[in-house]
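Here is a short briefing to read alongside the structure. Have the viewer open, and pick out the residues as they come up.

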Amino acid sequence: HIELPQIAAQLKNLPSDRSIMIICRSGMRSAIAASILQKNGCQNIASIQGGIQSWIAAGLPLEK
């Protein structure tokens, strides 16, 4: 769990050889986070539009 102001500071800790999926409750913070990552050179970034709320509404599975 990383807050938006910490994202740019955590870039060095993200895997450069794997895709990164970002999700939040409504999709707003994850879209902003994806934009920050892309502007800082990260590739293969995905943000779930509508967040976990739309994921659940679509009946998609969750694991804890």
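## Cysteines, a helix and a core

Cys42 has a relative accessibility of 18%, so this residue counts as buried. That is a handy place to begin in this predicted model.

- How many disulfides does the structure hold? The structure holds zero.
- For background, a disulfide is a covalent bond between the sulfur atoms of two cysteines.

**Overall layout and confidence**

- The protein has two helices and two strands, and they follow the pattern β-α-β-α along the sequence.
- Its C-alpha atoms fill a box of roughly 35 × 25 × 20 Å along the principal axes.
- Of the 64 residues in the protein, 22% are buried.
- Among contacts with a separation of 6 or more, 58% join residues 24 or more positions apart.
- The mean pLDDT of the protein is 87, with 94% of residues at 70 or more.

**Helix α1**

- The length of α1 checks out: at 1.5 Å a residue its twelve residues should span 16 Å, and the end C-alpha atoms are 17 Å apart, which agrees.
- Which residues of α1 are buried? They are Ser30, Ala33, Ala34 and Leu37.
- Viewed down the helix axis, the buried residues of α1 fall within an arc of 100 degrees, so they line one face of the helix.
- On the face of α1 turned away from the buried side sit the exposed residues Met28 and Lys39.
- Strands β1 (20-22) and β2 (45-47) are among what covers the buried residues of α1.
- Just after α1, Gly41 adopts a positive phi of about 90 degrees.

**Ser30 up close**

- Ser30 belongs to helix α1 and has a relative accessibility of 1%, so it counts as buried.
- Leaving out residues up to four places away in sequence, Ser30 touches Ile22, Ile23, Cys24, Ser47 and Ile48.

**The largest nonpolar core**

- Nine residues make up the largest nonpolar core: Ile7, Leu11, Ile20, Ile22, Ala33, Ala34, Leu37, Cys42 and Ile45.
- Both β1 and α1 supply at least two residues of this core, and α1 gives the most, with three.
- Ile22, a member of this core, touches Ser30, Ala33, Ala34, Leu37, Ile45, Ala46, Ser47 and Ile48, again leaving out residues up to four places away in sequence.
- In soluble globular proteins, nonpolar side chains tend to be buried together.

Key: Residues are numbered from 1 along each chain as its sequence is written. This is a predicted model: local features need pLDDT of at least 70, side-chain atom pairs count only at pLDDT 80 or more; totals for chains, interfaces and linings use all residues. Side-chain values use heavy atoms; hydrogens and water are left out. pLDDT is the predictor's confidence in each residue, from 0 to 100. A disulfide is a pair of cysteine sulfur atoms within 2.5 Å. Buried means under 20% relative accessible area, exposed over 50%, partly exposed in between (1.4 Å probe, protein chains only). Helices (H or I, at least four residues) and strands (E, at least two) are DSSP runs, numbered from the N terminus. The expected span of a helix is 1.5 Å times one less than its number of residues. The arc is that of the directions from the helix axis to the C-beta atoms. Contact means heavy atoms within 4.5 Å. A nonpolar core is a set of buried Ala, Val, Leu, Ile, Met, Phe, Trp, Tyr and Cys residues joined through side-chain atoms within 4.5 Å.
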